[in-house]
Amino acid sequence: MEVKGIDVSTWQGDIDWKKVASGETKFAILRATFGTDGVDRKFVQNITNAPKEGIFCGAYHYCYATTTQAALEEADHFLQVIKPYQFPYPVALDLEDAALTFLGKKTLTDIAQTFLERVRDAGYYVCLYSNLNWMVNLLDMSRLESFDVWLAQWNSKPTYQGEFGLWQYSSEGELDGIPARVDLDLSYRDYPSIIQAAGQNGFPDQGGQPDPEPDPKPDPDETYYTVKAGDTMSGIASKFGVSLDALLKANPQVTNPNVIYAGQVLRVPDKSSGGGGPAPDPKPEPQKYTVKSNDTLSGIAKRFGVSLSDLLAANPQIKNPNIIYPGQVLTIPGKGTVSAPAPQPKKYTVKSGDTLSGIAKKNNVTLDALRKANPQIKNPNVIYPGQVLVIPS
């Protein structure tokens, strides 16, 4: 998936969020705080008005800390300011100030880890925002791999080799309703569903839900993997060289492949038992497919009946399996005769004021059928403008 958004602060002035929402912008990450006592002058105004127009919001803190103690103080200040609000998008640590580079990689990483852990432990889905140079040269990202990443790289394509869920690709955006240039971002994950399901960022725990199935007891002859923040099922499958379908079959407790949680233990199927998918045809007949909006590699692989690992092998130009673009042409590895892809299901984008029962009636389906087609919805009374639902045939 690929969702367009922005990030803003007092420098964007008074924003007309109704005009912003009339365009393609679906989310906004708002500067909330800076240092140990600074509060962005437009934060309360923005967090009050943007959600009214159906814009999903996150928040960020600009860091000046030079010690881990200062990082704790800044984190506590940030938490105090954002506490009254709910954020369907991540909250973030903005660590990039040039005046801090003298501290060196170890101290900078200590500061980042201290802040991120403090905010995470307070019940928030927190990510690290920084630019390419910092992530490659000034931070030890191996120590921060349990946290999601918001990459700042103003370029036509990202070149960072690590995982990231958000990409700030420009600082030169011009949008109706914003009187100054604005940073432009892309999101590659369904953060509202992930965050709401986990009861993070001010959202309540999902009351009335059954207790999660216990983690499988490790077997010495089997492989298990503990999910980290930012992981995806398709990414885990690719990491172990097994198909997404085999990974899902080995973990029936995962009812929605788009929602997994940090700390969850997954069983990784043995490739020798078929986990890697069927052996490739020695003389494949490749087929081409043009990526459409909201496509994912795992979805395309499933549609054509091939494994995710085979699809990646057939498209070596894809460095990050979580990032594909509408209009991009992919090679589908052959399996003898490749059948035509299954028809695309009908999609509906939730609007302000919609209810599930109303959407079901509008599309001539039952509420029960609509809920079954959208297992990511845990509470039928909570849906968000901009959320994309599958309408059953």
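## Arg120 and its partner

Arg120 is partly exposed, with a relative accessible area of 33%, where buried means under 20%, exposed over 50% and partly exposed in between (1.4 Å probe, protein chains only). Its side chain meets that of Asp121 in a salt bridge, with 3.3 Å from N to O, and Asp121 is exposed at 59%. A salt bridge here is a side-chain nitrogen of Lys or Arg within 4 Å of a carboxyl oxygen of Asp or Glu. Salt bridges that share partners also join Lys106, Asp110 and Arg143 into one network.

This is a predicted model, in which local features need pLDDT of at least 70 and side-chain atom pairs count only at pLDDT 80 or more, while totals for chains, interfaces and linings use all residues. Residues are numbered from 1 along each chain as its sequence is written, and side-chain values use heavy atoms, with hydrogens and water left out.

## Helix H4

Helix H4 covers residues 104-121; helices (H or I, at least four residues) and strands (E, at least two) are DSSP runs, numbered from the N terminus. The buried residues of H4 include Leu108, Asp110, Phe115 and Val119, and among the elements that cover the buried residues of this helix are strand S4 (56-62) and helix H3 (68-82). Just after H4, Gly123 takes a positive phi of about 100°.

## Other salt bridges

The count of salt bridges comes to 13. Arg31 pairs with Asp40 at 2.7 Å between the closest N and O atoms; Arg31 is buried at 13% relative accessibility, and Asp40 is buried at 3%.

Notes. Expected span 1.5 Å × (residues − 1). Contact = heavy atoms within 4.5 Å.
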